[in-house]
Amino acid sequence: DLSLLSKKFRGSMLGVLTGDCLGSPYENDEPLSTASKVILQKSFDKLEGPLFKAPVMQFTDDSAMTKSVVESLIEKRGLDLDDLSKKFVKRYYQEPNRGYGQGIVTVFQKLRGNKFSDLMTPAREQFNGQGSMGNGGAMRVAPIALFCCNDYDQLVNMTKRATKLTHTHKFGVNGAILQAIAIQKSLMMDPKQALNYATFLEDLINKMDVIEENDEEFLELSESEIQPFKTQLRIIERLIEKSLTNENEPHTDEILKLLGNNVTALHSVPTAIFCFLRAQYPIAEINTENPMRRAIQYAITLGGDTDTIASMAGAIAGAYYGEDNINAQLLNHCEAAAEFKELANKLFDVVTTIK
Ligand code: F2R
Ligand code: MG
Ligand code: MG
């Protein structure tokens, strides 16, 4: 159904943007208290209501880098690392105050310094040669997941290559792959059929099992050390199971201790997937019938890297539910919403002509 698929493209791109715009004022906050959750609820309600005047909510690096990815995919009709790295760097120097990660700026400086003659070394040199394990690869991956549509091998390959321009640490790369798989999977599902969280997670677990392959040299390590994303996915399953079957909903402290809410991919991508899946069901202190809004609002209540976790949850939820679940009034309060919608349409056109 091409009409549904195009709605899903717009849903995912606008999910990235709205999660980022709504989440960024709370970045680095503590998990919200009950009083702050009431304020958040009221602010969402006002933004969704008619005739509410407020300054436009600005997007941050999450959407800025996503914009570069989608523009490059559209122009080049595929992944062109030279073009993509130039777009990242140009956009950064045009607007350096979009809240970029502290480390990634060094990559931009080095790429500009070597005049893009060596695209890969600057990222490899990050953090004393360890590479970045930040969530910067994951936060911008949505257009790649949409571009690859139903081609899994292309998705993994493209995500790896695009991520390594800035993030070469295994966690940074595998986190981006996990986020990309979650979006692609959501894109291919029928939102009218109930989503079975256990089946959804089982598939991600099987895929991450292969991606986080056991290495001979790591035999003395435990599974959670060798396959940390797979381990986190199992934890998500237990947390949701507990919240649905047990009268004691897992406390935010427990969720954050197990999943995390910081700028590393390992402690934010699984959290975003958790928010998306948990938000299919009602959540205390979040009053909405809309599961996509619920996912974004819930991500923000967890504190920490709120713009990025809300944006990643929004990207997955938007790919699943499509744009109909995004409130039109709320979109009017987000910077560049019309542009993101147009870019989603153009990407859809490219994908449908290529495939
Ligand atoms: N940078 C932020 N938020 C900070 C506050 C911004 C402030 N509000 C402002 O206006 O300036 N948010 C954005 O950064 C995250 C994405 O970061 P990315 O692109 O992954 O960058 P980077 O620098 O590579 O990694 C981020 C941090 O992670 C830690 N880190 C990464 N790899 C590490 C390693 N191997 N060893 C030790 N630490 C590592 C470092 O602290 C990096 O600075 C998103 O949240 C986006 O919204
Ligand atoms: Mg940001
Ligand atoms: Mg962030």
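Start at the magnesium ion (ligand 2) in this predicted model. Select Thr-60, Asp-61, Asp-62 and Asp-307. These are the protein donors of the ion, and they lie 2.1 to 2.3 Å from it. Along the chain, the donors follow the spacing T-D-D-x244-D.

Now select ligand 1. The space taken by ligand 1 is the largest pocket. Show the 24 residues around ligand 1. Which of them come nearest? They are Gly-103, Gln-130, Ser-132, His-167 and Asp-305. Colour the shell by class: 13 residues are polar, six are nonpolar and five are charged.

Switch to the helices. α3 (61-76), α7 (136-139) and α17 (306-321) each supply at least two residues of the shell around ligand 1.

Next, step through some polar contacts. Pick Glu-27: a polar atom of its side chain lies 2.9 Å from a nitrogen atom of ligand 1. Move to Gly-99, where a polar backbone atom is 3.3 Å from a nitrogen atom of the ligand. Finish at Thr-308, whose side chain places a polar atom 3.0 Å from an oxygen atom of ligand 1.

How much of ligand 1 does the protein bury? Taken alone, ligand 1 exposes 930 Å², and the protein buries 72% of that.

Technical notes: Residues are numbered from 1 along each chain as its sequence is written. Chains are lettered from A and ligands numbered from 1 in the order in which they are written. This is a predicted model: local features need pLDDT of at least 70, side-chain atom pairs count only at pLDDT 80 or more; totals for chains, interfaces and linings use all residues. Side-chain values use heavy atoms; hydrogens and water are left out. A residue is near a molecule or strand if one of its heavy atoms lies within 4 Å of it. A polar contact is a pair of N or O atoms within 3.5 Å; within protein, one must be able to donate a hydrogen and the other to accept it, and residues adjacent in sequence count only if both atoms are side-chain atoms. Accessible areas come from the Shrake-Rupley method with a 1.4 Å probe; for residues, only the protein chains shown count as cover. On a 1 Å grid over the protein atoms alone, a cavity is a set of points where a 1.4 Å probe fits but cannot get out, and a pocket is an open set with protein on both sides within 12 Å along at least five of seven lines; lining residues have an atom within 4 Å of a point. A molecule sits in a cavity or pocket if more than half of its atoms lie within 2 Å of its grid points. Helices (H or I, at least four residues) and strands (E, at least two) are DSSP runs, numbered from the N terminus. Ala, Val, Leu, Ile, Met, Phe, Trp, Tyr, Cys and Pro count as nonpolar, Asp, Glu, Lys and Arg as charged, and the others, Gly among them, as polar. Donors are N, O and S atoms within 2.8 Å of the metal (3.2 Å for Na, K and Ca); water is not among the atoms, so sites may look incomplete.
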